[in-house]
Amino acid sequence: MRKLLMLLMCALLTVGQLWAQNRTIHGTVLDENGKPIERASVVVKGTTKGTTTDAEGNFTLTNVAPTTKFIVISSLNFLSREINISNKNTIDVRLESKNDELNEVVVSTGIAKQKKSEYAGAVSSITQKNIEDRPVGSFDQLFQGQVPGLLALTQSGQPGNATNVIIRGTTSIAGGSTPLYIVDGIPVEASVFQGLNPNDFLTVDILKDAAAAALYGSRGSAGVIVITTKRGVAGKMRLSYNAQMGIKSKPEFGFRPMTTAELLKAQEDYGKIAGGGIAIPGWYYSPVNPRYATLTPAQQAAANQTLDSISKINTNWADYMFRNGPFSNHQLVLSGGAGKTRIYSSLELYNETGTTPRTDMKRVSLRNNVDYADDKLSFSLSSSLSYVRRNFQQSTVTNSTGNPFLAVNITTPYALVYKPDGTYATGVGTSFVGANQLDLTYWDRNYNDQLKAVLGTTTSYKIMKNVVASLTTGIDFRETQGTNYGSQLAFIRLTSTTPTGKAGFQSESLARFFQADVRPSINYSNIFRDKHKVSFGVYGEYLTQAVKSFSLTGYGIDPRTPNTPAAITQGNADNQLYANVGGGKSQNALTSGLAMGTYTLNDKYTVSGSFRYDGSSKLPSNNRWTSFYSVSGIWNIGKENFLMNTRWLNEWRLRASYGGSGDNDNFPSGYGDYGYFPTYAANGNYAGLTTLYVSNVGNPLLTWETTYQLNIGTDFSLFNKRLYGSIDVYDKRTKNLFVQKQLSAEAGGYSILVNGGVLQNKGIELDISYDVVKSKDFTWTINGKAAYNKNNVLSLGGLNSYTVGTSLVTVGKPLGSHFEVKWAGVDASSGAPLYYDLSGKITPVYSANNKVQEFGTWEAPWKGGFGTNLNYKNFGVSILFSWQQGATKVDNLEYFVENPVGFLSGGYNQSSSLNFWKKPGDIATTPSPLYSTNFSSKIIHDASFLRFRDLMITYKLPESTVQKIKFISKATFYVQGSNLFIWTHWRGMDPEAGPSNINLSEYPNPRALTAGLNVTF
């Protein structure tokens, strides 16, 4: 018994001694300039035991076993270090920053992750510092100027509207050129991003060449945009709060409508030439009007008084059509993790008021990301749920008098806004356009409610040392309910003469989108003899989409029960208030197999390849299965012995790729899911009878439009990593283009889609940054991005040229090339309009047969951005400019506001730049009122611009101050401005607004000024 007690005491003493030998490691982690790195991971090698650094880069690692030899320290955008701690208890470590262009840990293709040093594709990344805290309702509005080769035009300032995004040029005539969007490995619906919170994004990778596009086979031809959201970081749970508030306002416009004095003078000048009894006040009451001489003195005095009274009214309609819109965004984030599980959760409340009445966007979004990993099993969950409400005007995309952005420019300034009783001064006639529009805004309602959910999971299991089996699944769901109420009490309905026009209406719509994706895979990776690195993966994928829509418009809405379908009056033969009902339902599926592999030798030479086989239900059964492939290679020439001792060269890499991809997600809008089938409609009419007729002929021979792309690029880092960047050149050709073929009269005179033709985009892209100053307390970096793209139709498959919008599709010309009669000016002797005929001779005769293509294209061949980043101690400043050069657009507004015959004489306001011919010898830009106005190249203008896109100024609270507050770990204050200024020759309201080729008085992009606070507890 005594021996047993002695043995137990010895054992306890030994354990106590071992426990006493466990130690605590203190340290500080800094960057190469001596600045602290916050939230760096400090982990005992080979275990999950670890901690993270605080705001000053300090860490404490407790209960470190005496046998521990190494700890691993890592942080995003820094090279990891393995530290031998031996018997040290205090460690100071400096991490070397990764050159963002060359050494980022991974590039996410949405299917797999790959070291950038081994990725041969052309990729541009937008990091979270250039995404966070920007006041936009759709994250694609942030792309402009940040990615070489990417055209981003925000075509409307309506809160939450998507941006027109094109990567390396338009790739289809009849179809679209919208990129494929991937969020955490899950494909999501394009151009519907109001429900996604960009403050949750970690990176956005824009994949531009075949190395990435071919991985997606039939869906990748327009490029791929991969969003990676934030994940929890190992360490204690942290709560952060971000509050941002500000104001949005209308920007300054190059266009200005006439004042009352200017308009009355223009009306008088018009009457001197055109004469007659036109009832526009500047001429009708003018003393130089021959009518004035026929009046009695009393009548002349009354005319003088009327004209004097009118001249004293000078309404600035912009004060009523525009407003300052408050903006706010509040977000709570809980993030962290212990052991094997990490979480990131965020809750956001977004509220943006538009710069014209009755427009806004409100969003509530919730994101939960969960990660688990042990030695064998890993699991990640990404989920996003949001509710969005958006309010709209009745019209902001057409030149109608209900559009406030047309009404503000054509309503006469001598018209009144309000009646004496305070109601809007509505009436019949052109002078009442503005008041009628405001009255419509007051009475009507137009909004939608959107519910969006994106859910994705990835489960991986290590079958053996070098083999991992994975399963990725995900869904993207959206349901949008729209409501549009037109009140009987609006003036335009009180004066309507049609049964449905004066009855008021209630429209309800429902659109549902569902997409599910399942992607199993097996991946093998290994390194042989420390120099042969091999990875290979086999994937399967099944993707299905289902859409459903329903719409109803009823009439006879009792204003005592507004904005409800319950108030709809049942239509009958007496009241003629028949409801309109519509809807649709469709589904498609895609099944795929993919194999991809990479081999790297000595970290110098890398060869990669992929092969994908896709089958889509959108194509006829004989043509729906097609293969796509890519091959690529890298030569890390900077690691060659003959360059190793070149001091000014830090890194230099050459890369090339070639492959093909399809356009499954960009089929022509009228094609739908079954466009190859002939379809029939049952709403024809013959002799009073309802008939069945062919609505679409269909084409059972259709196949994919396929885009093949060659890319050659180089990445470099010079002068101690002070100058770094990339240059890419490419040749991108789309074959089997969808083109319209006109059938003979014997075949019914229909036109059908056929495959025929080739479209080329070729160009060069540059992305260069230079660290002007790089010290402990002060860093200053300048950067520039530029791209040139030449678009050219190489073939139409033997078909003739045909018109699309304002352009003519012609071999040898870029898509979007304007097709119009060439304007030659105004005859100084007679005031007649002059044009060029096809032989180049000037003629006063207008003929549509003289249309030519000499006016450029809406898609700017040159585009890019430049900016700077400065950091001094706790202060930071970032500036971004964006630009495009060489684009032209049709300014449809000019047709209304520089048109004496059609609109000045009709009582509409005109542009302050109107200069019409008045007498022989005048050098004028607009013809005499004796001549009608025709569409010509006169209204095609340069849409190039330089935009001060973004300004961000930040101040980080010093650590000494934070420690005194105690309950917070860091705090950052910031002020931010967007769309601050624009320099352009464009004469309309906004060169970006509107469809790509023409401006129709759309919602201009607002200016934003905000301030915010980000606190972590």
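**Close-up views of a predicted chain**

**Figure 1. Overall chain.** The chain has 14 helices and 52 strands (DSSP runs numbered from the N terminus; helices are H or I with at least four residues, strands E with at least two). This is a predicted model, in which local features need pLDDT of at least 70 and side-chain atom pairs count only at pLDDT 80 or more, while totals for chains, interfaces and linings use all residues. Residues are numbered from 1 along each chain as its sequence is written, and side-chain values use heavy atoms, with hydrogens and water left out. Along the principal axes, the C-alpha atoms fill a box of roughly 135 × 70 × 65 Å. Buried residues make up 52% of the 1017 residues (buried is under 20% relative accessible area, exposed over 50%, partly exposed in between; 1.4 Å probe, protein chains only).

Figure 2. The whole structure holds 39 aromatic pairs (rings of Phe, Tyr and Trp, the last by its six-membered ring, with centres within 6.5 Å; planes under 30 degrees apart are stacked, over 60 edge-to-face, the rest tilted). Phenylalanine 667 and tryptophan 704 pair edge-to-face, at 6.2 Å centre to centre and 80° between the planes. Phenylalanine 667 lies in the loop between strands S29 (649–662) and S30 (679–686), and tryptophan 704 in the loop between strands S31 (689–696) and S32 (706–718), so the pair ties together parts 37 residues apart in sequence. Phenylalanine 667 is buried at 10% relative accessibility. Tryptophan 704 is buried too, at 1%.

**Figure 3. Further ring contacts.** Tyrosine 895 and phenylalanine 896 have ring centres 6.1 Å apart and planes at 85°, so this pair is edge-to-face. Both residues are buried. Elsewhere, ring pairs join Phe139, Phe143, Tyr181, Phe193 and Phe201 into a cluster.

**Figure 4. Arginines over tyrosine rings.** Arginine 291 places its charged end over the ring of tyrosine 284, 3.8 Å from the ring centre (CZ of Arg or NZ of Lys within 6 Å of the centre and within 35 degrees of the ring normal). The charged end of arginine 363 sits over the ring of tyrosine 350, 4.6 Å from its centre.

Figure 5. The search of the whole structure gives 44 salt bridges (a side-chain nitrogen of Lys or Arg within 4 Å of a carboxyl oxygen of Asp or Glu). Aspartate 950 bridges to arginine 134, with the closest N and O atoms 3.0 Å apart. Aspartate 950 is in strand S49 (residues 945–956) and arginine 134 in the loop between strands S10 (123–127) and S11 (150–153), 816 residues apart. Aspartate 950 is buried at 7%, and arginine 134 is buried at 9%. Arginine 947 meets glutamate 992 at 2.8 Å, N to O. Arginine 947 is also in strand S49, while glutamate 992 is in the loop between strands S50 (970–984) and S51 (998–999), 45 residues away. Both arginine 947 and glutamate 992 are buried.

Figure 6. Glutamate 541 bridges to arginine 219, the closest N and O atoms being 3.2 Å apart. Glutamate 541 is in strand S25 (residues 532–555) and arginine 219 in the loop between helix H2 (210–213) and strand S16 (224–229), 322 residues apart. Glutamate 541 is buried at 8%; arginine 219 is buried at 3%. Salt bridges link Arg219, Asp517, Arg519, Glu541, Arg612 and Asp614 in a network.
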